[in-house]
Amino acid sequence: MDAITKERLIKLAEEEIPIHKFLGLKVTTLEQDFIRVEVPYRSDFVGDIRKNRWHGGIIATIMDSVGGAIGVANFKTPDDSLATIDLRIDYLRGAKAKPLTVEGKLVRMGNRIMVTKMKAFQETVLVAEGKGVYNFIRS
C-alpha cells in the first residue's frame with residue numbers, strides 16, 4: 001500500500017466514519033493484513049458503574065470496526081464493500097478505566113468471505129479477543 005492510500009484510509013477511519021470519530025479511534029499502524037488502533041477511555045463508555053469498567057458493547061464495536069478496516073485496506077475500487085456476517089468476542093477480563101489498544105489481523109481473504117482475528121489490550125494485558133467474518137463484495 002502506498003503512502004497516499006495509507007494516509008487516505010487513516011483519514012477515512014479516524015474522521016469520516018461517524019462512529020469512529022465518536023469513539024476517538026486513532027490508527028497507529030495500518031497494513032493490508034494488520035491494523036492497530038488506540039481508543040481513549042471516556043466515562044460515558046462505562047458499562048459496570050460499580051467497578052468503572054468499559055462496556056462490552058463498546059469493545060465489540062471497536063473490534064468489529066478494526067476487522068472491517070482490514071477489509072477496506074484490501075479494496076480494489078471505491079465501489080467495493082463489506083458487511084459483517086458474524087462477530088464473536090471473548091471477554092477475558094474487565095477493561096479498566098484506561099485507553100484500549102485493539103489489533104486486527106487478516107486470517108483469510110476469499111472471493112466473497114474475509115476472516116479476521118482481533119485482540120484488545122490495556123498496556124500488555126489482554127482483555128478480549130475475537131473473530132470477525134465479513135461478506136466482501138468486489139464491484
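**Notebook: pockets, strands and a few residues**

I started with the largest pocket, and H3 gives the largest share of its lining, six residues. Helices here are DSSP runs of H or I with at least four residues, strands are runs of E with at least two, and both are numbered from the N terminus. A pocket, on a 1 Å grid over the protein atoms alone, is an open set of points with protein on both sides within 12 Å along at least five of seven lines, and a lining residue has an atom within 4 Å of a point.

Two notes on the source before going on. This is a predicted model, where local features need pLDDT of at least 70 and side-chain atom pairs count only at pLDDT 80 or more, while totals for chains, interfaces and linings use all residues. Residues are numbered from 1 along each chain as its sequence is written, and side-chain values use heavy atoms, with hydrogens and water left out.

**Entry 1: the largest pocket**

I looked up its volume and got about 300 Å³. That is the space filled by probe spheres set on the grid points, which are joined across faces, edges and corners. The lining has 20 residues, and Ile 17, His 20, Gly 68, Ala 69 and Val 72 lie nearest the centre. Helix H1 (3–16), strand E1 (26–30), H3 and strand E5 (81–91) each supply at least two of the lining residues. I sorted the lining by class and found 15 nonpolar, four polar and one charged. For the classes, Ala, Val, Leu, Ile, Met, Phe, Trp, Tyr, Cys and Pro count as nonpolar, Asp, Glu, Lys and Arg as charged, and the others, Gly among them, as polar.

**Entry 2: the cavity**

H3 gives the most here, with three residues. Strand E2 (34–39) and H3 each supply at least two. By class I noted seven nonpolar, two polar and no charged residues.

How many residues of strand E7 are buried? I got seven of the ten in residues 113–122, so the strand is largely enclosed by the rest of the structure. Buried means under 20% relative accessible area, exposed means over 50%, and partly exposed is in between, using a 1.4 Å probe and protein chains only.

Then I looked at pairing, which needs at least two DSSP bridges between two strands. Val 102 has Ala 120 in E7 as its bridge partner. E7 also runs antiparallel to E8 (residues 125–137), with ten bridges. There, Ile 113 stands opposite Asn 135 in E8.

**Entry 3: Gln 122**

I picked Gln 122, which sits in strand E7. It is buried, at 3% relative accessible area. A polar atom of the Gln 122 side chain lies 2.7 Å from the backbone nitrogen of Lys 96. I also listed contacts (heavy atoms within 4.5 Å).

**Entry 4: Ile 59**

Ile 59 is in helix H3 and is buried, at 3% relative accessible area. Ile 59 and Ala 120 are 61 residues apart in sequence, yet their C-alpha atoms are 7.9 Å apart in space. Not counting residues up to four places away, the neighbours Ile 59 touches include Trp 54, Tyr 91 and Ala 120.

**Entry 5: two positive phi values**

Most residues other than glycine have a negative phi. I noted Asn 52, whose phi is near 60°. Asn 52 lies in the loop between strand E3 (46–48) and E4 and is partly exposed, at 34%. Glu 123 also has a phi near 60°. Glu 123 is in the loop between E7 and E8, and is exposed, at 65%.

Notes
Polar contact = N/O pair within 3.5 Å; in protein donor to acceptor, adjacent residues only side chain to side chain. 1 Å grid on protein atoms, 1.4 Å probe; cavity = no way out; pocket = protein on both sides within 12 Å on 5 of 7 lines; lining within 4 Å.
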